[in-house]
Amino acid sequence: MALLATMAMPHTANSANYAWPANYEGVMLQAFYWDSYSDTKWTNLTEQSDELSQYFSLIWVPNSAKASGSQNMGYMPIYWFTNHDSSFGNRIQLKKMITTFREKGTGVIADVVVNHRAGVSNWTDFPVETWNGRTWSIGPEGICSTDEVRNQPGQATPTGAPDTGDDFGGARDLDHTNANVQDNVKNYALCLLQEYGYAGFRYDMVKGYAGRFTKIYNEYAKPTFSVGEYFDGSYDAVAAWIEATGRQSAAFDFPLKFVLNDAFASGDMSKLVWLANGSNPQPAGMIHFGYPQYSVTFVDNHDTYRDNNKFNGNVLAANAFILCSPGTPCIFLPHWQQHKSALKKLINVRNNVGIHNMSAVKVLRYDRNCYMAEVTGSKGSLVVRIGSDSSTPAGYTSADIKAQGNGYCVWSKQGGSSEPVDNAPEQLYLMGHISQGAWATNAGVKMTKDGSTFTAHNVNIVKADDSNYGFFSFVTALGTTGSANEWDAVINASDRYGATSKDEPISPNKPSKMKVFYGGADASSAYSWAALPGSYSVKADFAAMTVTLSTPSGIDAPEASNENDAVYYNLQGVRVDNPTCGVYIRIRNGKAEKVLIGRRY
């Protein structure tokens, strides 16, 4: 995915296309979540650049400058120009990451925190930095007179003007009416583009200062991409901020975010629609008439995912909605990690049709069980259906289905007949009553992928406390700490694959049908298989949607020819033709059972 040519030289005298391009077809990835220090360090993202650049034109990363605290997300910045050694990596690793992505046609978006700033050793001693032949500094005159520091003994007294927006108590609120503050911010923005190679900005907490200042900063630095975090569900409030910037910045579509939360929590898909003039149905949020070019849509971000604004519905269906709508979709990293295969397919459909941030939408149907709309791109059109309804749009057949899953389906004539559906996830783990740890969030058997099949050998299934069987199923993500809260945050949020009925018995060499339980289904509502204790090879076949256990230790035993014939294995998986006293696994009529032969010890 190539960026606009202006990305390579973001600060040019003749550049007129900045803030956010019209008819933009790219998709953005928020490549971090809260406390994702090891997962999303610069070196890790660089290693994933080949894959990520195939699907994302923009990668948003955390603030890269040194901030207060030993481990932090960057939202209490100390340095702006010089010290970019952060909790995610050092300056050299940062520049290598940005350069690597840029060479592959993907721009990196900086998280720009200029509403507030932290001091080096106290509340107000901002560092003096040198860049581009000048010295940059801000003193007490650049701190809002309404800031909390005014009441703190032993600290400098702020002499700036009152705050022009919401107060932030964690660091010093900067006075954006001050000419020196403006000069610092303008050149900090320019430094991020010229010195570090960023493609654009995500402005943090823009409710903290008036929107007219973002206009000043962008008109000076001229980033190709700019988006503000105006954390508010009001369409009118977000629209007013975009206008205050002179339409020199896009905004995250928080109005749509809260609509998605409400619609999926209530099961009412009609809430995904806004009626223009009281009668013309359009997608809800900022993406209807007026602001789709300036709307960056999302399902969750680092803040909402950890608070009471977290999306708790059908993650894939919600992402299907934003990927099949105007605006610029921003996919959240945990969703990408948990549903990578399905999201790749949806992004490919969007790209094949050429859906862009100003695409026209014709809502075909909206009621409690169904949102259906036709969306027109630069290369064709698609129809997306969200909800439990199973109807097919007029003029389309099953051969036109390009992507589908629980609660969503996408049709398009673009690209010819439908490609075979690849149901296999990117990764799979077996969890359950296993020797690695019974149902522990960070314990599981990682399966080996080969095309549409996953296999694991020497899986030791152990007896459950209240049963003669051990139980198991599959998940697409594991926790990292083993803590109980990771069930909700990681395990339950991943797709789960299990039996078609609760505690369904499974016998060696007899394929059992596999059912998908999409992200959001907890353990109590996702069925497991019941297997006799022993050591097995396990194969999950996603082409046939079946699971097969082999006989102990992966040996494929000949089945007994009648009720009286049987084949025996010891507990180490070795076949025993004439068993004597001891405990054995008996295979008879394709069923395995643990038996005691001879006297009881």
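User: How do you know that the length of helix 7 agrees with its 13 residues?

Analyst: This is a predicted model, in which local features need pLDDT of at least 70 and side-chain atom pairs count only at pLDDT 80 or more, while totals for chains, interfaces and linings use all residues. Residues are numbered from 1 along each chain as its sequence is written, and side-chain values use heavy atoms, with hydrogens and water left out. Helices are DSSP runs of H or I with at least four residues, strands are runs of E with at least two, and both are numbered from the N terminus. The expected span of a helix is 1.5 Å times one less than its number of residues, so helix 7 (residues 254-266) should span 18 Å, and because its end C-alpha atoms are 18 Å apart, the two values agree.

User: Why is N309 called buried?

Analyst: Buried means under 20% relative accessible area, exposed over 50%, and partly exposed in between (1.4 Å probe, protein chains only); N309 has 18% relative accessibility, so N309 counts as buried. N309 lies in the loop between strand 13 and helix 8, and, leaving aside residues up to four places away in sequence, N309 touches F231, K257, F258, N261, D300 and T304, where contact means heavy atoms within 4.5 Å. Among the buried residues of helix 7 are K257 and N261.

User: What makes C144 and C191 buried?

Analyst: C144 has a relative accessible area of 1%, so C144 is buried, and C191, at 0%, is therefore buried as well. A search of the whole structure finds zero disulfides, a disulfide being a pair of cysteine sulfur atoms within 2.5 Å.

User: Which residues have the most contacts inside the largest nonpolar core?

Analyst: They are F56, W336, Y371 and I386, in a core of 114 residues. A nonpolar core is a set of buried Ala, Val, Leu, Ile, Met, Phe, Trp, Tyr and Cys residues joined through side-chain atoms within 4.5 Å.
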